[in-house]
Amino acid sequence: MVELKVLVIDDEQGMRLAVQRSLDGYIVELPDVDMNVRFGVTMASTGEEGLEMIEESTPDILLLDHKLPGISGLEVLGELEKKDPDLMTVMITAYASLETAIVATKRGAFDFLAKPFTPSEMKAAVCKAAKHLILQRQTKKLQQERRQVRFQFLSVLSHELKAPLAAIQGYLYLMRDKSLGTDISQYDKIVGRCLARIDGMYKMIFDLLDLTRIESGQKKRSLSKVDLCETARTAVETAEPSAREREIDIHLHFKDPVFIVGDSGELEIIFNNLVSNAVKYNRDGGRVDVKIEDSEETATISVSDTGIGMTQKEVDRLFNEFVRIKNKKTQNIAGSGLGLSIVKKLAKLYNGTVSAESRPDEGSTFTVTLQKDSVAPESAGSESS
Amino acid sequence: MQNYNNKTALVVDDDPDFLEQLGIQLSSMGFEVVKKSTQEEAQEYIENTRPDVAFLDLMMENMDAGFVLSYEVKKRYPQTPVILVTAVSSETGMEFDATTQDERTWIKADVILSKPVRLEQLQKELNKLLIGETSNG
């Protein structure tokens, strides 16, 4: 329930009381904005008094008589225009002259109510103003939130891009200052670290491009029947070299084929992220299990590792952008912090879900469930024809 | 160059590259360098040992790790100079330094350096903070 304050500025006491009688405490449901509204009424008999009351506490809706003893209704509007308060004005006019209407609208009046009016006409005008006001406030709030999210994203992004640059810069200072002497082989480790940070930056930029393409919907999806088992094998092949280096075995558990209508590129990204994470966050000599389960409407991919695992608190934060779980165990593992949010966004395209289960020092299982035919009916039709 | 033999520098940063870099720089000045990569490890360390100087990263697993740690160091060892090392001010537009008394009362640090740290500046600040002790000793 929302409380909206209505201020009536009218010199006729009868009119003020009539409005108060029918509106004060009146509760109405506004289905368009899905909200119940309760009105409270305050009153002023002159424009001057009204402006003072507005100054003290801004009402949500103003019922403003045009013809007032001191300053006129239009002058009140003019004053309000300077301050641009967050309220809706409904002008009350005895003789609705076109001229007054034009000036009032120019000065920000939302609607007009011609005297004499019935209580239900008045209520209808007030409800209309209330609906408009609520919508306007909701839009404003959404825009603000969007700006906030954008700002946060950009400041985190700049942090994530600056960190590797600063690391590389620091190493270059060391080389310039010949901090490790003049034997060039002393600098091998430093050069290796610089190259690793540059690789990390590339990876982040590519991930970022993927993410923005998915989000903006600009990435063209080419949909076809894709065998998830094939995609899984390709991803495992990609991860194999780094797995072998650390003696990690990757096992596949599925019955070929598991078909899904989708974009093979997207599905590859999902598998690549899951499998490379399972290798990255594993222990040496560990194992990775890739499962695909086929059911009537969905396909479920799960990738388990025997790695460092996470606490429940860490799992809860995991799917946000740029979240990297920072602790002793992860400090030497490179990552953009974008992989899982990409997986989550892609899964959404398949009406799918992503979840994670994990135990510290035992391992994690990531499960992605995808609708096998999630494509909108019309494009699915064109696909099959 | 001033030599800080037998002095211990605690360096806390969750970025292994900055630990490495500051480690190389401080070792070249004679310090014995103790590296810690989490707030928790650093906290454990200072409970038992007084470093001669502490270098703390501002943002680690918690956003305010550096502030918290510098408070802890100063509470236990008021004489130990604390240097906050951060890339924060240029990133977030959040600006602060530790040059006025007022700022020093809430930022419990003696100096704030930005990343990456240049050797010349490191030497300059350390001379300022530790020179009294070294010339006596």
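This is a predicted model: local features need pLDDT of at least 70, side-chain atom pairs count only at pLDDT 80 or more; totals for chains, interfaces and linings use all residues.
Which residue follows α3(A) and has a positive phi? That's A:Asp84, with a phi near 50°. Residues are numbered from 1 along each chain as its sequence is written, chains are lettered from A and ligands numbered from 1 in the order in which they are written, and side-chain values use heavy atoms, leaving out hydrogens and water.

Let's stay with α3(A) for a moment. A:Gly73, A:Leu74, A:Val76, A:Leu77, A:Gly78 and A:Leu80 in this helix are buried, where buried means under 20% relative accessible area, exposed means over 50%, and partly exposed lies in between (1.4 Å probe, protein chains only). These buried residues pack against α2, β4 (61-65), β5 (88-93) and α4 (98-106) of chain A.

Now take one of those partners. Helix α2 (residues 47-56) of chain A packs on helix α3 (residues 73-83) of chain A at an angle of about 20°, and their axes are 10 Å apart. (Axes are lines fitted to C-alpha atoms, for helices over the stretch in contact, and angles run from 0 to 180 degrees between N-to-C directions.) So α2(A) is roughly parallel to α3(A); angles under 35 degrees count as roughly parallel, over 145 as roughly antiparallel, 65 to 115 as roughly perpendicular, and the rest as oblique. On the α2(A) side, the contact (heavy atoms within 4.5 Å) is made by A:Gly47, A:Leu51, A:Ile54 and A:Glu55. From α3(A) come A:Val76, A:Glu79, A:Leu80 and A:Lys83.

Another helix pair is α5 (residues 119-176) and α6 of chain A, whose axes come within 9 Å and cross at roughly 160°. These two helices are therefore roughly antiparallel to each other.

Leaving aside neighbours within four places in sequence, A:Arg221 is in contact with A:Asp263, A:Glu266, A:Leu349 and A:Tyr350. A:Arg221 and A:Glu266 are 45 residues apart in sequence, yet 8.3 Å apart in space, C-alpha to C-alpha.

Methods. Helices (H or I, at least four residues) and strands (E, at least two) are DSSP runs, numbered from the N terminus.
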